[in-house]
Every structure is written in structure tokens, then in C-alpha cells.
Amino acid sequence: GHYSAHLADDGIEILQLHSINYAKDYVPLLCAYRFPEVGGLVYGGMRFDYYSIPETSSHWVAQAGVEAGNISLTSWLRAYAAIDLRFKSEVAWASTQSYQVGLKIGTGPWQVVRLAFTIRTGIDDRGQFYKNRVTWNLLGAYLDV
């Protein structure tokens, strides 16, 4: 895969902030296991950034998470909770943590819409700000495809 975060360099410079050319070419290896008895899953793995700027000697990201508690509220509505943890070598293995609670809408294979509240804290995921620490409260609608 490829990730780059330099689309707004001119906008950053207008604000008299120094822009950062941030890019990654990477290969992930993640595994997941479903636990039907709790209606959830657990996953984890590593990502190797074989091309990495501006931190050219830091190449690893470790990630793990769990989703569980798929509790039926009605025949078409379920509640769930999830946790995702990422640790990045480019910031001395500091973490980005996401804690989510939400509702899944739909039944059977068509359980495709989620409404969720997420608290994300730790290292900023946005490339220009990869050394900053943030805490965000997010509301979202997601499509599970």
C-alpha cells in the first residue's frame, strides 16, 4: 500500500507552519479470529514501511484490537464495543488508542451500517502532525462491506 500526507502543503505554509513531506510504502500482515460465542473478533499484526519519510530508519507499526458484546436489542439492531491499539516505531513506539461503542443496523449478511461514538487518543494519525498527541471524540456512520 501507499500513504502520503502532503496534499495541503501550500495551506500549511500560508499558516506559517512548516510542512512535512510524509509518505509510506508498506506491506501489512494482520490476522483475525472470530469468536461467535461473543459475537466478536480479535485481530493483530505488524506493518512494515519499506519506504518511509521523514523518519527513514523507523519501519514498523504494531496493531491489535478486539470487538465484542454484539448484544441484540431488536431483531435488526445490535450494540457492540471495540478497542484498537497501534504502536509506531517512528515515534518511539508511542500509541494511538481508539475506544468505540455503537449500534449495528441490519440483519444477516446485510448488517452493513454502524453508528458509533469513538474516543481516539495518543499519536495523531494525520501525517503532517505525526509527532503530536491528540484526544478526539468522534461520531460516525460506517458501512461494513
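So, Tyr 22: with 4% relative accessibility, this residue counts as buried, where buried means under 20% relative accessible area, exposed means over 50%, and partly exposed is in between, using a 1.4 Å probe and protein chains only. Before I go on, a word on what you're looking at: this is a predicted model, so local features need pLDDT of at least 70 and side-chain atom pairs count only at pLDDT 80 or more, while totals for chains, interfaces and linings use all residues. Residues are numbered from 1 along each chain as its sequence is written, and side-chain values use heavy atoms, with hydrogens and water left out.

Back to the tyrosine. Which ring does Tyr 22 pair with in a tilted way? That's Tyr 130, at 5.2 Å centre to centre and 40 degrees between the planes. For ring pairs, the rings of Phe, Tyr and Trp (its six-membered ring) must have centres within 6.5 Å; planes under 30 degrees apart count as stacked, over 60 as edge-to-face, and the rest as tilted. This pair links distant parts of the chain, since Tyr 22 is in strand β2 and Tyr 130 is in the loop between β7 (113-123) and β8 (133-143), 108 residues apart. Tyr 130 is buried, as is Tyr 22.

The structure holds four aromatic pairs. Another one is between Tyr 3 and Tyr 22, and that pair is edge-to-face: 5.9 Å centre to centre, with 90 degrees between the planes. Here too the pair links distant parts of the chain, with Tyr 3 in strand β1 (residues 2-5) and Tyr 22 in strand β2 (residues 22-35), 19 residues apart. Tyr 3 has a relative accessible area of 33%, so it counts as partly exposed. Put together, ring pairs link Tyr 3, Tyr 22 and Tyr 130 into a cluster.

Where is Glu 90? Look in the loop between β5 (77-88) and β6 (94-105). And is Glu 90 buried or exposed? Buried, because its relative accessibility is 10%. Its side chain has a polar contact of 2.7 Å with the side chain of Tyr 22, and there's a polar contact with the side chain of Lys 24, also listed at 2.7 Å. By polar contact I mean a pair of N or O atoms within 3.5 Å; within protein, one must be able to donate a hydrogen and the other to accept it, and residues adjacent in sequence count only if both atoms are side-chain atoms. If you leave aside neighbours within four places in sequence, Glu 90 is in contact with Tyr 22, Lys 24, Glu 55, Ser 58 and Tyr 130, contact being heavy atoms within 4.5 Å.

Ala 92 sits between β5 and β6 and has a positive phi of about 55 degrees, although it is not a glycine. Ala 92 is exposed, because its relative accessibility is 70%. Trp 93, found in the loop between β5 and β6, has a positive phi as well, about 65 degrees, and it is not a glycine either. At 43% relative accessibility, Trp 93 is partly exposed.

Over to the loop between β3 and β4, which holds Pro 54. A cis peptide bond joins Ile 53 and Pro 54, with omega about 10 degrees. Ser 57 is in the loop between β3 (40-53) and β4 (60-72), and it counts as exposed because its relative accessibility is 66%.

One more residue, Thr 96, in strand β6. Its relative accessible area is 1%, so Thr 96 is buried. What lies 2.7 Å from a polar atom of the Thr 96 side chain? The backbone oxygen of Ile 123. Not counting residues up to four places away in sequence, Thr 96 touches several others, including Asp 84, Arg 120 and Asp 125.

Zooming out, the protein has one helix and eight strands, in the pattern β-α-β-β-β-β-β-β-β along the sequence. Helices (H or I, at least four residues) and strands (E, at least two) are DSSP runs, numbered from the N terminus. The C-alpha atoms fill a box of roughly 55 × 30 × 25 Å along the principal axes, and buried residues make up 32% of the 145 residues.
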